[in-house]
Amino acid sequence: MTSKTAQELALPVGVTLDRFIMASQSAFPYATGELSQLLRDIAIAGKIINREINRAGLVDIAGGNGTENVQGENQQKLDIVANIRFIRALKNGGEVCAILSEEEEDIIYTGNEHGKYVVAMDPLDGSSNIDVNVSIGTIFSIYRRVTPTGSPATMDDFLQGGRKQVAAGYILYGSSTMLVFSTGDGVNGFTLDQSLGEFILSHKNISSPNNGTIFSVNEGNYYSYLPSVQKYLDNCKQRGYSARYIGSLVGDFHRNLLKGGIYLYPSTKKDPKGKLRLLYECYPLAFIAEKSGGKASDGFGAILDIVPTSGHQRSPIYVGSAAMVKESVQP
Ligand code: AHM
Ligand code: MG
């Protein structure tokens with residue numbers, strides 16, 4: 001008997017993340033329960049970071065001279081706090097042997113050498129929006145390790161390529177907090193019910209509109225883009241498309257995923273290889289885009305087909321509705 005995929009299971013909108021994970025576990029890659037636990041750990045970290053973000057504006061009041069908060073802890077920037085909280089949650093969970101974070105140069109070892117997974121993450125993306133109460137997000141990508149369990153993880157575990165992701169997703173801290181992820185079988189979105197402290201299935205089997213009328217790009221860089229990109233942006237304007245750019249990748253991506261649109265961060269004179277990081281920004285969002293029917297390109301081919309060479313490498317990205325991405329990367 002073949003097990004039902006997560007999408008075939010009759011899971012109504014409104015079920016908790018835990019129930020969803022339990023019910024769809026048999027459709028997860030490897031289906032041993034460890035990936036389920038890891039996803040739960042990520043959800044817990046997301047709730048903790050959500051709490052920190054929600055009280056961010058109060059920290060200066062509760063703290064004292066910007067040095068210590070009421071608990072006597074040193075005050076730190078939220079992205080550092082998010083990094084620490086995420087690492088702690090993954091260490092405690094026990095499924096992850098190593099983490100690669102935007103916040104740290106080297107691999108972070110969790111001490112769980114028997115953990116079968118590694119996680120690449122940007123714990124709090126949208127740095128320019130962190131202090132000004134604008135939507136920000138966490139992005140994560142999960143691989144099954146290729147080095148033997150019981151030994152220390154190596155960079156090889158992280159440099160497997162985008163198609164080897166077993167799960168990926170993001171948490172958006174916006175007007176509400178949402179966890180969106182895929183284990184390869186469709187994309188589902190869960191909204192945090194703050195009163196219950198639970199993520200609830202709110203966006204089942206998200207399907208990226210094939211086309212759209214929103215383009216999200218930093219137009220301040222217009223004169224630095226390739227002529228082909230300038231031409232695409234000119235076309236968008238001639239057609240009266242809407243420009244929407246928060247400067248928070250997760251927020252911009254999420255809106256376009258639901259409404260139809262494209263997010264672009266092409267190469268510029270300042271950043272010829274693009275600005276965004278391949279492993280924990282481009283790959284996971286490209287995974288979500290493809291699993292929902294959208295596309296992600298670096299201008300030459302699919303983001304997920306890029307062969308990675310280093311942990312913090314960058315890539316240009318064109319991601320979102322399939323027809324728009326296709327048009328934007330035409331020479
Ligand atoms: P960060 O990782 O330092 O936060 O940078 C990533 C962010 C994305 O969230 C956003 O889309 C982009 O950088 C904005 O860059 P710019 O200010 O150059 O438009
Ligand atoms: Mg980032």
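Domain bounds, as I use them here, come from an automatic or database domain assignment. I am working from a predicted model.

**Entry 1. Domains**

I looked up the division of the protein. The assignment gives domain 1 (15–205) and domain 2 (214–329). I took the centres over C-alpha atoms, and 23 Å separate domain 1 from domain 2. I then turned to the contact. Domain 1 puts 33 residues into the contact, and domain 2 puts in 25 residues.

Which elements each supply at least two residues of the side of domain 1 that touches domain 2? I found β3, β4 (136–144), α5, β5 and β6 (177–182). Of these, β4 gives the most, with five residues. I sorted that side of domain 1 by class. It has 15 nonpolar, 14 polar and four charged residues.

**Entry 2. The shell around ligand 1**

I listed the residues around ligand 1. They are E102, D122, D125, G126, S127, S128, N218, G247, S248, L249, D252 and K275. By class, I noted one nonpolar, six polar and five charged residues. I also checked the domains. The shell around ligand 1 draws at least three residues from domain 1 (15–205) and at least three from domain 2 (214–329).

**Entry 3. Binding-site records**

I went to the UniProt record, an unreviewed entry. One "binding site" annotation there lists D122, D125 and E281. They are spread over 160 residues of sequence, yet they cluster in space. The largest C-alpha distance among them is 8.7 Å. Another "binding site" annotation in the unreviewed UniProt entry covers D125, G126, S127, S128, N218, Y245, Y263, L264, Y265 and K275.

D125 first. I found D125 in strand β3 (residues 117–125). Is D125 buried or exposed? D125 is buried, because 25 other C-beta atoms lie within 10 Å. I left aside neighbours within four places in sequence and looked for contacts. D125 is in contact with I136, G137, I139, S248, L249, V250 and E281.

E281 next. I placed E281 in helix α8. E281 has 27 C-beta neighbours inside 10 Å, so it counts as buried. Not counting residues up to four places away in sequence, E281 touches D122, D125, I139, L249 and L276.

Then N218. I located N218 in the loop between β9 (214–216) and α6 (227–238). N218 counts as partly exposed, because it has 15 C-beta neighbours inside 10 Å.

Last, K275. I found K275 in the loop between β11 (262–265) and α8 (278–291). K275 has 18 other C-beta atoms within 10 Å, so it is partly exposed. Leaving aside neighbours within four places in sequence, I found K275 in contact with Y265 and R314.

**Entry 4. Helix α2**

I checked the span of α2 (residues 34–54). The helix has 21 residues and reaches 30 Å from its first C-alpha to its last. That is close to the 30 Å expected at 1.5 Å a residue. Which residues of α2 are buried? I noted L35, L38, L39, D41, I42, A43, A45, G46 and I49. An α-helix has 3.6 residues a turn, so residues three or four places apart point the same way.

**Entry 5. Q160**

I looked up Q160 in the loop between α5 (155–158) and β5 (167–173). Q160 counts as partly exposed, because it has 19 C-beta neighbours inside 10 Å; the cut-off for buried is 20 or more. Y143 is 17 residues from Q160 along the chain, and their C-alpha atoms are separated by 8.0 Å. Leaving aside neighbours within four places in sequence, I found Q160 in contact with Y143 and V146.

**Entry 6. Positive phi**

Most residues other than glycine have a negative phi. I noted two residues with a positive value.

N133 has a phi near 65° and is not a glycine. I found N133 in the loop between β3 and β4. N133 is exposed, because 10 other C-beta atoms lie within 10 Å.

N205 has a positive phi of about 50°, although it is not a glycine. I found N205 in the loop between β8 (198–203) and β9. Is N205 exposed, partly exposed or buried? N205 has 14 other C-beta atoms within 10 Å, so it is partly exposed.

Definitions and conventions
Residues numbered from 1 in each chain as written. Chains lettered and ligands numbered in written order. Predicted model: local features only at pLDDT ≥ 70, side-chain atom pairs only at ≥ 80, totals over all residues. UniProt positions renumbered as here; feature names shortened; annotations may be inferred. Helix = DSSP H or I, 4+ residues; strand = E, 2+ residues; numbered from the N terminus. Buried ≥ 20, exposed ≤ 12 C-beta atoms within 10 Å, placed from the backbone. Contact = placed C-beta atoms within 7 Å. Near = placed C-beta within 6 Å. Nonpolar A, V, L, I, M, F, W, Y, C, P; charged D, E, K, R; others polar. Expected span 1.5 Å × (residues − 1).
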